[in-house]
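Let's read a structure together, one feature at a time. Bring your questions, and keep the picture open as we go.

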Amino acid sequence: MGRKVAFIAALFGALALVGPAQARVEVQWWHAMSGVLADRLNELVEKFNTSQDKYTVVAVAKGNYDEVTNGVIAAYRAKRPPEMVQIAERGYMTMLLSGAVVPVQDLIEQKGYKVDFSDFIKPVASFWSYKGRMSAMPFNSSTPIFWYNKDHFQKAGFDKPADTWQELESQLYTIKSKGISECGTVLPGDFYWSLLENYSAINNQPYGTLANGFDGLGTEFVYNKTKVVSQVARLKKWLDDGVMQIAGQGFSPEQLFTSGRCSTFVNSTASHGNIERNATVNWSATFLPHESDINSPLNSTIGGGAIWVMRGHTQERYDAVAAFLNFLAQPETQVWWHGATGYVPATNRAYALARERGYYKDHPTREIAVLQLSRGTPNENSRGFRFGNFVQTMLAQRQEVEAVFAGQKQPQQAMDDAVKRGNEILRQFEKLNAGKTLETERP
Amino acid sequence: MTLRLSIPWRDTRAPVLQRRHGGHQSKAGTGAAAGGSRTSGKVRRREQEAGLKRANFGDGPGLPTLLLLPQLLILLFFFFIPSLRALMQSVLLSDPFGTNVQFVWFDNFKTLLASSDYRQSITVTFWFTVAQNVLTLGSALVLAFATDRIVRGRSAYRTIILLPYAIAPAIAGILWAFLFNPAVGPLAQVLHWVGIAWDPNLNPTDALILVTLAASWKHVCYDYIFLVVGLLAVPVSLMEAAAVDGAGPIRRFVSIALPMLGPTVFFLTVMNFIYGFFETFAIIDAVTKGGPAGATNILVYKVFVDGFVNLDLGSSAAQSVLLMSFALICTLLQFRYFDRKVNYGV
């Protein structure tokens, strides 16, 4: 008995010693960043943890986006999900209708934080909102921009890449025929995102019915009836003429650009960090081109990830989550993240702050993504995409485009097949989620 | 895994041996010894007949069960339970989080069999495994034959051939992808130089050739080890007699060694098929990711992509059920039709 008392006393003594540390509420955040981006993310979390003494966010790298998604699914099924998880843009519908998440706007407001959700940059806000309410916290938002080798363009007698695909094509053919570089451009690894989806948004082409899926799960793909078909034909022609190269497995498209082998490269603005570090060439960047018969190109759409809050935790933990999300929404945090990584600032206020401080005078190419995203008034075709099983439909589409590149199919045939396969996948998602609306139940 | 399995086997076996040699220390010990002697005569005869070794446990089902337990547990957790789950999942339509599950009978199978994508995957898998099998076994046979002819540096020769087995499949895949990358790969440059428009990123046939080469290269050493050992078992007297009769080395190999290698070759064929079906995943992932245009999208890779990337669990489960059935049918057919022709006499 006496021993027991002594033990309990010792325990309390120990608790008293570690008291302040124990009082901190710890929450987990699983993420998909690696390399330089993971370092920056850890710095960001450290900033939050040292900024206050009540909560500790633990950032856990769980591999790439697919691995993080599978990790959180397994954890949720085992009833041990993390509080927060970073999911890529393509997983939006899966997460939204999973019944496993808490809408972030509800959570933040319930916990009494004042975040101005109307201040988020339009394509960012509309992508992550459902019925006008933010369902996930925009974290790393990017958009594709057009990178080019300044020396190659100057040697060929051009100031910079042209604004339209038609003129750009003749520029790239000139560069090739003058022997300035081996290839005009390199096929991006995520060409479906930059050269088909964003292409459709910028050129005001519908991708699917029902406002690209915003108006319901009954949406069907229609890109086999739009300019996407001629875009695929254009890429095929460039490939055949040696104006465009494919990097292929074991080698990244970025390397072909940064080494000076290819003159241009379409890629996310988030590759600023890598290109600044690796490029041996005199590079710059500009807006993505548009079709010559489109007079006022629209905004591009976002890619990247957002933070989802998982269901099934205590209110104490949700206090910590809300505090962290509120921290992320602050203009200072946004500006820091923008500068450290190349991702766009998610709010107008943060963008204005970066501008005010003259950040873009030293880093002009970092402003392109923001300008391109906020260009014009977003309409049904440029607001973003709401397709269920969007990864699966994309892989089917990519396979069909590859069949065009391999010479097995004509562009029209391939896009017809891609749409047909895509629609079957959409119907399966519709069947699974029949009659479902977002649960707005409070956590 | 072999190592882990062998440890409990040894640990439990050791006291048994002691007991047998120690004789009368305990009742159980005598029982075991007595049981052993009662049946040993019959068993030994059967052993000789079958040409196989047979273990003898006198104590009834207790000890054998105990010895089998680790393996049974591993099978339970890594084979039976997952297989059962796959069977269940294959008749469900569910979201990845499992919050919304519908029973759909055989819809997943129907959709699969109706999809051109899946049929393409079957065709690709067929050609891939057959080509891989022929190539692997063929090269391993040539190398094993050559081992006998090499006098100097035989161990160095063998070590070099065995090296690829020590390389992780993903690393091997990246190696091959790089060597044959049309933009930067040195071997691709050689091909271009001799006038072959090699491009596995664009050309489906090139891609299939590339993954077949990579997969075979990785597996040749496995076949090679078995064949070299098999060749050692061929009676020297037979070879010498043939030599005296004037048969050259190739004739001796083809007419004497090869038929006697029958069981080994048969075993390797089965193993190569299983390797091609299941274990080439990492190579595909590193070399082509199943592309271009699905040209290297073999069944096991498709199971992975549909399950872990597309999160279409029902279809992925249905595919693994079908894949398992294919592998089973394939192995049974091999036993049914080839096993009879194999000479187990050696």
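Predicted model: local features only at pLDDT ≥ 70, side-chain atom pairs only at ≥ 80, totals over all residues.

Q: Which stretches have pLDDT under 50?
A: In chain B, pLDDT stays under 50 over residues 1-41, and again over residues 43-50. The model has 28 contacts beyond four places in sequence for residues 1-41 of chain B, and 6 such contacts for residues 43-50. Chain A has a stretch of this kind at residues 438-443, with 12 contacts beyond four places in sequence.

Q: What ipTM and pTM does the predictor give the complex?
A: These two scores are given for the complex. Here the ipTM is 0.84 and the pTM is 0.83.

Q: How is chain A divided into domains, and what are their bounds?
A: A domain can be built from separate stretches of the chain, as here. The domain assignment gives domain 1 as 2-142 + 302-366 and domain 2 as 144-300 + 387-432. Taken over C-alpha atoms, the centres of these two domains of chain A are 31 Å apart.

Q: How many residues of domain 1 of chain A are in contact with domain 2 of chain A?
A: We can read this just as we read the contact between chains. Domain 1 of chain A has 14 residues in contact with 15 residues of domain 2. On the domain 1 side, β7 (137-142), β13 (303-310) and α18 of chain A each supply at least two residues. That side divides into 5 nonpolar, 7 polar and 2 charged residues.

Q: In what order do the 5 strands of the open sheet in chain A run?
A: In chain A the order is β10-β9-β11-β8-β12, and the pairing is mixed. The edge strands are β10 (244-245) and β12 (283-286), each pairing on one side only. Take one pair as an example: β8 (residues 144-149) and β12 of chain A are antiparallel, with 4 bridges. Within that pair, A:Phe146 has A:Thr286 of β12(A) as its bridge partner.

Q: Which helix lies across β8 and β12 of chain A?
A: Helix α18 (residues 365-373) of chain A does, running at about 15° to β12(A).

Q: What does UniProt say about chain B?
A: A record can be compared with the model span by span. The unreviewed entry annotates residues 122-334 of chain B as "domain: ABC transmembrane type-1". In the model, that span is 77% helix and 0% strand, with its end C-alpha atoms 19 Å apart. UniProt also places "transmembrane region" features on chain B, including residues 224-244 and 317-338. Residues 224-244 of chain B are 86% helix and 0% strand, and their end C-alpha atoms are 28 Å apart. For residues 317-338 of chain B, the values are 95% helix, 0% strand and 31 Å.

Q: Where in the backbone can I find a cis peptide bond or a positive phi?
A: Most residues other than glycine have a negative phi, and most peptide bonds are trans. The peptide bond from B:Gly291 to B:Pro292 is cis, with omega near -10°. B:Pro292 sits in the loop between α13 (281-287) and α14 (299-309) of chain B. A:Ala211 has a positive phi, near 55°, and belongs to helix α10 (residues 209-212) of chain A.

Terms used
Residues numbered from 1 in each chain as written. Chains lettered and ligands numbered in written order. Pairing = 2+ DSSP bridges. Contact = placed C-beta atoms within 7 Å. Axes fitted to C-alpha atoms, helices over the stretch in contact; angles between N-to-C directions. Domains from an automatic or database assignment. Nonpolar A, V, L, I, M, F, W, Y, C, P; charged D, E, K, R; others polar. UniProt positions renumbered as here; feature names shortened; annotations may be inferred. pLDDT = per-residue confidence, 0-100.
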